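Me: I am new to this structure and would like to go through it step by step. Could you show it to me before I ask about it?

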Amino acid sequence: MLHMPVDVRNLSLALLALFASVALLHWASAVFIPVMLSLLLTTALRPAVEMLRRWHVPRWLGAGVLLIAMVSGLASAAWSLSDGAAQLVDSLPVAAKKVRDNIKARASGNSPLDTMQQAATQIEQAANENSTGTTVPRRGVQRVIVERPPFNIRDYLWSGTMGLMSALGQLMVVVFLTFFALASGNLFRTKLLRIAGTSLERRKVTIHVLEDITHQIQRYLLLQVFTSVLVGLATGTAYWALGLENAAVWGVVAAVLNLAPYIGSALVTGASALVAFLQFGTLDMALAIGGASLVIHTLIGNLLTPWLTSRTSSMSPVAVFISVLAWGWLWGLWGLLLGIPVMMAVKAVCDRVEDLKAVGELLGD
């Protein structure tokens, strides 16, 4: 028998600290998400800023130029896609009517679903007649009818406007945090070395941890760019082969939305299937276009990307998949984007700390 004494007190304190940390991350997500996005952008743009500095460009100027170019590119891309998005939204009622008419035309006679629906309707009518005939009115009882409040377009527009303003505010916070972090250079790293203490061993461990985090996140970002380009090329080629109009544009859209796991693929699949139905007028072509997009995103997004991520980050594919699910539950869409880099940083720290090596071993491949 192997006896392994377990310190219940320390284990309980560790679990309580973990639960408190998860609650804090969820409660203060409006603070942590911009900070994490800023750190991710800082890690991605720091090599470019250092390269400009070697060309005698000050850090603050290089950081400002890069951020302005990035924001301008995103704004111009959103503006160029706004007309197409508006046309797609306007065509939704027409597409819905076409889909309904196509399904009705395909149905020859009464399908099993229609038969079940008719039987359910007849049973409901018989139950209503029976309950109406046997109901005895009671004195002093007033019938109450609950009516839904009417739809107010002003409330809808106000809530949508406030959501858009909140997103723009968080974007500005991320941009300013990234600018200050890039302009400060190695100030944050120097402060961490000071906090680590005067011991040479502690300083070496801190430097190794920071270098591991930086290199792993940079490799992860390069991997995301590679897989997005691969998704864009595969989607554009498949749509061109199937005869969909503007196949190159759809490839670019698929490449950009691939950065948002699961949600991006669902948007591309649904929108492209709708456009294909409007173009060809048949449900078969809409299913073919949507199925091609779904196959591409499944093979690359759900199989190839986790495997390559595990190879570049020394994390197991199971840990990568569970990290995406956990952080997606915690922070929603932003958690899907930030979950893997956060777990990379956690693993880099656990691998260098003696008491946390068990956690790093669980996350490793």
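Me: Which residues form a nonpolar patch on the surface?
Reply: In this predicted model, the patch is formed by Tyr-262, Ile-263, Leu-267, Phe-321, Leu-325 and Leu-333. Together these residues have about 520 Å² of accessible area.

Me: Which helices each supply at least two residues of the patch?
Reply: They are α10, residues 263-280, and α12, residues 317-331.

Me: And where does Tyr-262 lie?
Reply: Tyr-262 is in the loop that runs between α9 (247-257) and α10.

Me: Why is Tyr-262 called partly exposed?
Reply: Its relative accessible area is 35%. Partly exposed covers values between the 20% limit for buried and the 50% limit for exposed, so Tyr-262 belongs in that class.

Me: Let us step back. How many helices and strands are there in the protein?
Reply: The protein has 14 helices and 0 strands.

Me: What share of the residues is buried?
Reply: Of the 365 residues in the protein, 28% are buried. The accessible surface of the protein is about 24900 Å², and carbon and sulfur atoms account for 68% of that surface.

Me: New topic: how many aromatic pairs does a search of the whole structure find?
Reply: The search finds 3 aromatic pairs. One of them is formed by Tyr-239 and Trp-250 and is edge-to-face, with 6.4 Å centre to centre and 80 degrees between the planes.

Me: Which parts does that pair tie together?
Reply: Tyr-239 lies in helix α8 (residues 200-242) and Trp-250 lies in helix α9, so the pair links parts that are 11 residues apart in sequence.

Me: Are Tyr-239 and Trp-250 buried or exposed?
Reply: Both Tyr-239 and Trp-250 are buried.

Me: How far apart are the end C-alpha atoms of α8?
Reply: They are 63 Å apart. This agrees with expectation, because the 43 residues of α8 should span 63 Å at 1.5 Å a residue.

Me: What follows α8?
Reply: Gly-243 follows α8, and its phi is positive, near 90 degrees.

Notes. Residues are numbered from 1 along each chain as its sequence is written. This is a predicted model: local features need pLDDT of at least 70, side-chain atom pairs count only at pLDDT 80 or more; totals for chains, interfaces and linings use all residues. Side-chain values use heavy atoms; hydrogens and water are left out. Patches are made of residues with over 30% relative accessible area and no salt bridge: like charges are joined within 9 Å, nonpolar side chains (Val, Leu, Ile, Met, Phe, Trp, Tyr) within 5 Å. Accessible areas come from the Shrake-Rupley method with a 1.4 Å probe; for residues, only the protein chains shown count as cover. A salt bridge is a side-chain nitrogen of Lys or Arg within 4 Å of a carboxyl oxygen of Asp or Glu. Helices (H or I, at least four residues) and strands (E, at least two) are DSSP runs, numbered from the N terminus. Buried means under 20% relative accessible area, exposed over 50%, partly exposed in between (1.4 Å probe, protein chains only). Rings of Phe, Tyr and Trp (its six-membered ring) pair if their centres lie within 6.5 Å; planes under 30 degrees apart count as stacked, over 60 as edge-to-face and the rest as tilted. The expected span of a helix is 1.5 Å times one less than its number of residues.
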